[in-house]
Amino acid sequence: MLGAGGLLGRHIVEELAGHPVRALVRRACDISDLAQVREGTRDVDVVINCAAYTNVDGAEAEPDAAYRANALGAENAARAALESNARLLHISTDFVFDGAQADPYDEFSAPNPLSVYARSKWAGEELVARRGGSSILIRVQGLYGAGGGNFSSKLRDLLLAGKSLKLDCERRVQPTWARAAARQIVRLASSDAIGTYHVSCAGETTWAGFARVLAERLGLPQSWAEIPTRELQATAARPPNCVFQHRMLALHGFGPMPTWQVALDEYLAEAAAR
Ligand SMILES: NC(=O)c1ccc[n+]([C@@H]2O[C@H](COP(=O)([O-])OP(=O)(O)OC[C@H]3O[C@@H](n4cnc5c(N)ncnc54)[C@H](OP(=O)(O)O)[C@@H]3O)[C@@H](O)[C@H]2O)c1
């Protein structure tokens, strides 16, 4: 497991409890260093690459850092996996799409990344695919979960603290509990699947819509302003429609992903039990 210290990586490691897992955090294995990746993945059967430069706005000013982790790092993982005869599961993003189409995006929709982060992740997908081998590209989106450093992971605590927030009421997203994604990724890891898979919670909403349901479950009043995407004045462009169709999961008989509301309830139950 590369990137085992991140939000998704930690949840996958937890879901693999009982299996022998080499959980490599960044200081143990820098994905942009081929020698370290080779050493870290030596003699494993499966490599899961969750390591990435994930600061979408920061990437606009740091393209080299983004490409080193997201393109070169992805290629390093693919090379090392091939040399070890291991399967690679490489994690990518909904941001490879421009979000201009009205319908959900399936795995065969044409990418058109809008930002440096998105282009660097698309480059990683291309390099993994061109290296060949029995790799799976798994696009995820809208992740949140315990210990996550991103805004959606902090939203529960921000609402509980009564912070005044501005939330996007336009972008169509599928908020995805990291554990729900991790469970599906573990199922894919133990299958013989290859190709590209979309993994996200079912249904769709906006981040403001997610906050409404989250606040309702927590018994809190609305404490945020709902604003259109442009008023957030983010540095990097984001796709207005990020909704996935899970065509590959359906074609290959994997069960449906939980809806985002069902996953949110599970997340809140787990958070309350901690
Ligand atoms: N979060 C989302 O909503 C979302 C949406 C779409 C796609 N994804 C994709 O899902 C995957 C997992 O993301 P996440 O949400 O778990 O992000 P995350 O919490 O930021 O985790 C990424 C991890 O990668 C590590 N990392 C960064 N550069 C590295 C390098 N050069 N070598 C080794 N490790 C490095 C980071 O370490 P440091 O913290 O020390 O930098 C961090 O632990 C990524 O591929 C991301 O692009 C995430």
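**Helix packing and the ligand**

Guide: The model is predicted. In it, H3 passes H4 in a right-handed crossing.

Visitor: Which residues of H4 make the contact with H3?
Guide: From H3, the contact takes in Pro63, Ala66, Tyr67, Asn70, Ala71, Ala74, Glu75, Ala78, Arg79 and Leu82. Across from them, the residues of H4 are Val116, Tyr117, Arg119, Ser120, Lys121, Ala123, Gly124, Leu127, Val128 and Arg131.

Visitor: How many residues of the contact of H3 with H4 are nonpolar?
Guide: The residues of this contact fall into three classes. Of these, 3 are polar and 5 are charged. The nonpolar residues number 12.

Visitor: What is the orientation of H2 and H3 to each other?
Guide: Helix H2 spans residues 34-41 and helix H3 spans residues 63-83; their axes come within 9 Å. They cross at roughly 40°. The two helices are therefore oblique.

Visitor: Which residues of H2 meet H3?
Guide: On the side of H3, the residues are Asn76, Ala77, Arg79, Ala80 and Glu83. The contact as a whole divides into 4 nonpolar, 2 polar and 3 charged residues. The residues from H2 are Leu34, Val37, Arg38 and Thr41.

Visitor: Is the crossing of H7 and H9 left-handed or right-handed?
Guide: Helix H7 is residues 207-218 and helix H9 is residues 260-273, with axes that come within 11 Å and cross at roughly 45°. H7 and H9 are therefore oblique to each other. The crossing in which H7 passes H9 is right-handed.

Visitor: Which residues of H9 make the contact with H7?
Guide: H7 brings Gly209, Phe210, Val213, Leu214, Arg217 and Leu218 to the contact. By class, this contact has 7 nonpolar, 2 polar and 2 charged residues. The residues of H9 are Trp260, Gln261, Leu264, Asp265 and Leu268.

Visitor: Which residues are the closest to the ligand?
Guide: The ligand is surrounded by 23 residues. The closest of them are Arg26, Ile31, Thr54, Tyr117 and Lys121.

Visitor: How many Å separate a backbone N or O atom of alanine 52 from an oxygen atom of the ligand?
Guide: A polar backbone atom of leucine 7 is 2.9 Å from a ligand oxygen atom. For leucine 143, a polar backbone atom is likewise 2.9 Å from an oxygen atom of the ligand. For alanine 52, the distance is 3.2 Å.

Terms used. Residues are numbered from 1 along each chain as its sequence is written. This is a predicted model: local features need pLDDT of at least 70, side-chain atom pairs count only at pLDDT 80 or more; totals for chains, interfaces and linings use all residues. Side-chain values use heavy atoms; hydrogens and water are left out. Axes are lines fitted to C-alpha atoms, for helices over the stretch in contact, and angles run from 0 to 180 degrees between N-to-C directions. Helices (H or I, at least four residues) and strands (E, at least two) are DSSP runs, numbered from the N terminus. Angles under 35 degrees count as roughly parallel, over 145 as roughly antiparallel, 65 to 115 as roughly perpendicular and the rest as oblique. Contact means heavy atoms within 4.5 Å. Ala, Val, Leu, Ile, Met, Phe, Trp, Tyr, Cys and Pro count as nonpolar, Asp, Glu, Lys and Arg as charged, and the others, Gly among them, as polar. A residue is near a molecule or strand if one of its heavy atoms lies within 4 Å of it. A polar contact is a pair of N or O atoms within 3.5 Å; within protein, one must be able to donate a hydrogen and the other to accept it, and residues adjacent in sequence count only if both atoms are side-chain atoms. A crossing is left-handed if the near helix is turned anticlockwise from the far one by less than a right angle, and right-handed if clockwise.
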